[in-house]
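Hi,

Here is the structure I promised to pass on to you. Have a look at it first, and then read on for what turned up.

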Amino acid sequence: LEGKKIVQVKVKGRVNFQIVQQYSIEAVKLARENNCTKFLFNHSKTLLEDGIYKIHTDGDALEKFGFKTTDKIAIVISRERDALRFSEATDANVKWSNFKYFDSVKEAVGWLAAS
């Protein structure tokens, strides 16, 4: 996002672990090239396959993708469509304190820009 030092990835369609890995690695590469440590992944138009939340909240997977615990990561998902898993997803991550789920891009950008 111009002027905010945030790498934004908009995801549409069906997503699985390999796709998440691919766009995450590219996002980290772009961020490192631009001295950036903030990420916004917009999944509001994504058809989430079972277990997608665990991909994003699994600290080991995030490290394999190239993220550091000092990176700040916001994930936007559709609360209405994914209501059954939203609270599970928001509570699942204890390893990464700079990681949070949102149901709006505006809230996510505000949180990322707050530091």
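**Where to be careful**

Over residues 89-94 the pLDDT stays under 50, and the model has seven contacts beyond four places in sequence for this stretch. This is a predicted model, and where pLDDT is low, the predicted coordinates should not be read in detail. Helix 4 (residues 83-92) has the lowest confidence in the chain, with a mean of 49, while helix 5 has the highest, at 94. For the chain, the mean pLDDT is 79, and 73% of the residues reach 70 or more.

**Overall layout**

The chain has five helices and four strands, and along the sequence they follow the pattern β-α-β-α-α-β-α-β-α. Of its 115 residues, 43% count as buried. If you take the contacts between residues at least 6 apart in sequence, 81% of them join residues at least 24 apart.

**The cores**

The largest nonpolar core has 21 residues, and those that touch the most other members are Phe39, Phe41, Phe67, Ile73 and Ile75. At least two residues of this core come from each of strand 1 (6-15), helix 1 (17-33), strand 2 (38-48), helix 3 (59-65), strand 3 (72-76) and strand 4 (99-102). Helix 1 gives the largest share, five residues. There is also a second, separate core of nine residues, and Leu40, Ala108, Trp111 and Leu112 are among them.

Which residues of helix 5 (residues 105-113) are buried? They are Ala108, Val109, Trp111 and Leu112. Seen down the axis of helix 5, these buried residues fall within an arc of 160°, so they line one face of the helix.

**The aromatic rings**

The structure holds six aromatic pairs. Phe39 and Phe41 have ring centres 6.2 Å apart and planes at 5°, so this pair is stacked. Phe39 also pairs with Phe67, this time edge-to-face, with 4.9 Å from centre to centre and 85° between the planes. Because Phe39 lies in strand 2 and Phe67 in the loop between helix 3 and strand 3, the pair ties together parts that are 28 residues apart in sequence.

These three residues are buried: the relative accessible area is 0% for Phe39 and 1% for Phe41, and Phe67 counts as buried at 4% relative accessibility. Together with Tyr23, the residues Phe39, Phe41 and Phe67 form one aromatic cluster.

**A serine beside the rings**

One more residue to look at is Ser24, which is placed in helix 1. Is Ser24 buried or exposed? Its relative accessibility is 1%, and buried means under 20%, so Ser24 counts as buried. Leaving out residues up to four places away in sequence, Ser24 touches Phe41, Phe65 and Phe67. Ser24 and Phe65 are 41 residues apart in sequence, yet their C-alpha atoms are 6.0 Å apart in space.

Best wishes

Notes: Residues are numbered from 1 along each chain as its sequence is written. This is a predicted model: local features need pLDDT of at least 70, side-chain atom pairs count only at pLDDT 80 or more; totals for chains, interfaces and linings use all residues. Side-chain values use heavy atoms; hydrogens and water are left out. A nonpolar core is a set of buried Ala, Val, Leu, Ile, Met, Phe, Trp, Tyr and Cys residues joined through side-chain atoms within 4.5 Å. Buried means under 20% relative accessible area, exposed over 50%, partly exposed in between (1.4 Å probe, protein chains only). The arc is that of the directions from the helix axis to the C-beta atoms. Contact means heavy atoms within 4.5 Å. pLDDT is the predictor's confidence in each residue, from 0 to 100. Rings of Phe, Tyr and Trp (its six-membered ring) pair if their centres lie within 6.5 Å; planes under 30 degrees apart count as stacked, over 60 as edge-to-face and the rest as tilted.
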